[in-house]
Amino acid sequence: MAVRGIEDLLNKVRAYNPGADMEFIKRAYFFSSEAHGEQKRKEGSPYIEHPLAVASVLADMKMDTVSIAAGLLHDTIEDTPTIKEDIQKRFGYELAFLVDSVTKLGKIQFQSSEEAQAENFRRMLLSMAEDIRVVMVKFADRLHNMRTLQYLPEEKRKRIARETLEIYAPLANRLGIGWLRIELENLSFKHLMPEVYEDLVRKVATRREEQEGYVNVLIGIVKNKLANEGIRAQVKGRIKHYYGIWQKMQRQEIPFDQIYDVLGIRIITDTKASCYAVLGLIHSLWKPIPGKFKDYIGVPKSNMYQSLHTTVVGPEGRRVEFQIRTEDMDKLAEEGIAAHWKYKERGHINPKDDRYIAWLRNFIQEIQDVRQTPQEFLDAVKSEVVPDTIYIFTPRGEIKELPLGATPVDFAYSIHTQVGHKCVGAKVNGRMVPLKFTLNNGDTVEILTSQNHTPSRDWLSFVTTSRARTRIRQWIKAEERKECIELGAKLLETEIRRRGLSVSLLKGPEAASAASGMSFEDPEDMLVAVGYGKISPQQVVNRIAPSSIQEAEAPAIKPAKQAEEEKGITITGMTDILYHLAKCCYPVPGDNLVGFITRGKGVSVHRKSCPNLPRLVADEERLISVQWKASDGAPHLAKVAVDTLDRPGIVANLSAAISSLNINIHHMEAITNQLENAHISFILEVKDRGQLNAIMQKLAQLDGVIGVRR
Ligand code: MN
C-alpha cells in the first residue's frame, strides 16, 4: 500500500490524472525531503516516508495535484523551520493555504479532552466548509498514523484511537467515504480493545471458512438465474467489517453465533430498474425475512448512500443478506464525496454541484450563531454528523437521546422501567400512533400508561434500544418463572393425589428436604424445574414420600403416554413432553393442529389456521407436527365470537341456545359498539369440532345474529 518512492507516487497519479503537473509534485517532494532532513519516525525509518504515504493515500482518493503536494508538505510547518510564506513563494497561495490549514487543525492543547474534542471538531467543520481538501489531507494523515500506531506507547495509542473512532470515522461516514470509515473503525477497534478484536478476527475467519462454500453455491444459483433473465450484473461475496459486527453484537446484546450477516452477497447491476428486477428475482428464489428489507434507493441515507438490502432464508434455512445497487451507487458507497470530485486542475470543487458542501455550510452557520459549552457543541455536532441519533422531547420539554429507528416503547423505557411495562399507547406531536411507530428527530412524545398493562413479547421485534430489550426480557423471564411455578405445583399435586397421598406434603418439611436433596436452593426452584420439564413430578414425589414408590410403580411406568391418551394428543417423535393448548385459538378435537416448541414452556398447540402462526414462525420457535387421537369425550375450551344487533334479551337467547345442547359456558364477554351492534364472545366447553360446529350453526340461525366465528 505504501509508496516506496516518489516514482511510485507519480505513477499512481498518472494512472487517474494523466494531465497532472508531475513537476509540481516532484518539487514538493524534494522540498519536503530537504526540510525534514535527518528526522526519523518512531520506528526509526526516515521521516519523509510518512508524507509520502499520506500523499499516496490522497492519490488513492484520486485527489488533485495541489492536494497531493499538500500531503507531501503537511508536516513541514509543524515539524521543521519552514513557514507558510516559504511555501507560498515557491508553490503559490493555494498550497500554502492548504498546508497551513492542516497544521492549524488540532494543534492546540486544551484542558479537558472534551473541550479539545469539541474544538477539533469545530475546526474540522469550519475548514471543510472553506476547502474540503483540508479535511481530506487530514484524513489521509490520520489514516497513515493509524496504520502505524503500533510504534507509539499504549496511552497515546488509545487516545488517538478513541479520537479517531469518535471524530474521524463518523465524519468519514457523514461524507460517505465507506472504505475510509471502515478502515478507521477497524484500526481504532484493534487498538482500543486488542483482545476482543483478535478474538473476533479468529471467529470471523472460522465462520468464513465454514460458509464460503455455501455462499458460493448461492452466487452460482443467482448468476444462472440472472443470465436466464438477461440481466447484466456482477455477483460477489462480501464480509461485514469487524467493528460493524461488534457494534451489532453490542446493540442487540447477542453473541457472535447469532450474527447472520457476517457473509453476505452484493449484486452490482446497470440501472435502478435492474436493481428492483434483481430484488424480485432473489425474493422469488428464497423467502425474504419480514422487516429486513430496506429500500435505500427510494429513500437514501443522509450520507446519500443508496442500495437495496434484503435478508432471505436460503437453502438449509440459513439467513443470507443481499445488497443490490448500480455501479454508480457502489462507487458512491465506497468513495462518497470523492466520487463527486469535479476538480479542474488547481481548481476547487464546485459548491453548487455538491450537496455535501451545502449541508456543511448550512450546518456550520447554524451551530456558529449559538454560544455553547463544549458539551453542547459536541452534542449538536454528533446529532448531525452521527446520523444514528435522534433527540426526543417529553411533554415537559426534557430531552432524551435515542438511536435512529427508536419507537415509543424505547422512549417509554428510557423514562422508567415501569413506564415501559405499563405503556399502552403513545401520542407523537399530539397524535395517537401505534407502539411500533418510528420516531423522528425532534418529536414530542407522550406515553399513555395503564396500571394493568404488561409488556408483550411482540415488542422485542421492534424495539431498538438495549435498555428496552433487556427490561422486556427480564419481565418475560420473571413471568415464565411464575407460570412454571404454577404448572409445577399442579403437576406435583396431580402426582401426589394419584398415589393417594395428602397434598399438604408439598408444603411440609418433606418437600423442603426433597428440594435440598436435589440441590435446589429452595422448594420454589424445584417447582420451576418441574414446570420447565427438567425433572418429572414422579422423581420429586419419590423423594417426598419414598414409601409410595412401590405401590406407584405399576401405573407410573409410562406416565407420558398415559397423559397423552387422556388428552388425546400425539406429538410426532416426542415422548414425555409438556404441552398446552394455545389460548389464542382454542383448538378442539377434530381441528388440524400444529405445535411449537416454546422456550421453557413445552409445546404450545395451535390450530393450523391460528392467525398468530406467522408471527410465531418469525420468532424462530420450532414447528412440529401434532395430531389428535380419537375424541376422548373430555371437555375442551373453545372460543366463539358472535356479532349481533344490540337488542334487549339477545344475550339470554344465545345462552339458552347453548345450554339446550348441554354445553357449559365457561366465560362470556359482551361489548357494544357505537353502531348499535354487539360483539359477544363465549368460552365454551365442547367435546370436539363436530359439537362446536353444531352450536355455531344453531347460534347463526337465531334472530338478530349477524355472524358467528371462532
Ligand atoms: Mn502527519
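The legends below describe several close-up views of a predicted model.

**View 1. The chain as a whole is built from 28 helices and 21 strands.** Of the 710 residues in this predicted chain, 47% are buried. When contacts between residues at least 6 apart in sequence are considered, 65% of them join residues that are at least 24 apart, and several of the views that follow show places where separate stretches of the chain are brought together.

**View 2. A manganese ion is held by four protein residues, His50, His74, Asp75 and Asp141.** The donor atoms are NE2 of His50, NE2 of His74, OD of Asp75 and OD of Asp141, and they lie 2.2 to 2.4 Å from the manganese ion. Read along the chain, these donors follow the spacing H-x23-H-D-x65-D.

**View 3. Arg147 of helix α9 is shown together with Ser188.** The C-alpha atoms of Arg147 and Ser188 are 9.7 Å apart in space, although the two residues are separated by 41 residues in sequence. Arg147 counts as partly exposed, because its relative accessibility is 22% and a residue is called buried under 20%.

**View 4. Tyr29 and Phe30 form an aromatic pair, and the count of such pairs in the model comes to 13.** The ring centres of Tyr29 and Phe30 are 5.2 Å apart and their planes meet at 65°, so the pair is edge-to-face, a label that applies to planes over 60 degrees apart. Tyr29 is buried, with a relative accessibility of 13%, whereas Phe30 is partly exposed, with a relative accessible area of 48%.

**View 5. Helix α13 (residues 242–252) places several buried residues against other helices.** The buried residues of α13 are Tyr243, Gly244, Ile245, Trp246, Lys248 and Met249, and what covers them includes α10 (154–174), α11 (178–192) and α12 (194–229). Ring pairs join Tyr242, Tyr243 and Trp246 with Phe189 and Tyr197 into a cluster. After α13 comes Glu253, which has a positive phi, near 50°.

**View 6. The charged end of Arg318 sits over the ring of Tyr214.** The distance from this charged end to the centre of the Tyr214 ring is 4.0 Å.

**View 7. The sulfur atoms of Cys585 and Cys610 lie 3.8 Å apart, too far for a bond.** A search of the whole structure finds 0 disulfides. Cys585 is buried at 5% relative accessibility, and Cys275, at 0%, is likewise counted as buried.

**View 8. The largest nonpolar core of the model has 99 residues.** Leu9, Leu95 and Ile267 are the residues with the most contacts inside this core. Apart from it lies another core, of 22 residues, which includes Ile390, Ala412, Val428 and Trp459. In soluble globular proteins, nonpolar side chains tend to be buried together.

Conventions. Residues are numbered from 1 along each chain as its sequence is written. This is a predicted model: local features need pLDDT of at least 70, side-chain atom pairs count only at pLDDT 80 or more; totals for chains, interfaces and linings use all residues. Side-chain values use heavy atoms; hydrogens and water are left out. Rings of Phe, Tyr and Trp (its six-membered ring) pair if their centres lie within 6.5 Å; planes under 30 degrees apart count as stacked, over 60 as edge-to-face and the rest as tilted. Buried means under 20% relative accessible area, exposed over 50%, partly exposed in between (1.4 Å probe, protein chains only). A charge sits over a ring if NZ of Lys or CZ of Arg is within 6 Å of the ring centre and within 35 degrees of the ring normal. Donors are N, O and S atoms within 2.8 Å of the metal (3.2 Å for Na, K and Ca); water is not among the atoms, so sites may look incomplete. A disulfide is a pair of cysteine sulfur atoms within 2.5 Å. Helices (H or I, at least four residues) and strands (E, at least two) are DSSP runs, numbered from the N terminus. Contact means heavy atoms within 4.5 Å. A nonpolar core is a set of buried Ala, Val, Leu, Ile, Met, Phe, Trp, Tyr and Cys residues joined through side-chain atoms within 4.5 Å.
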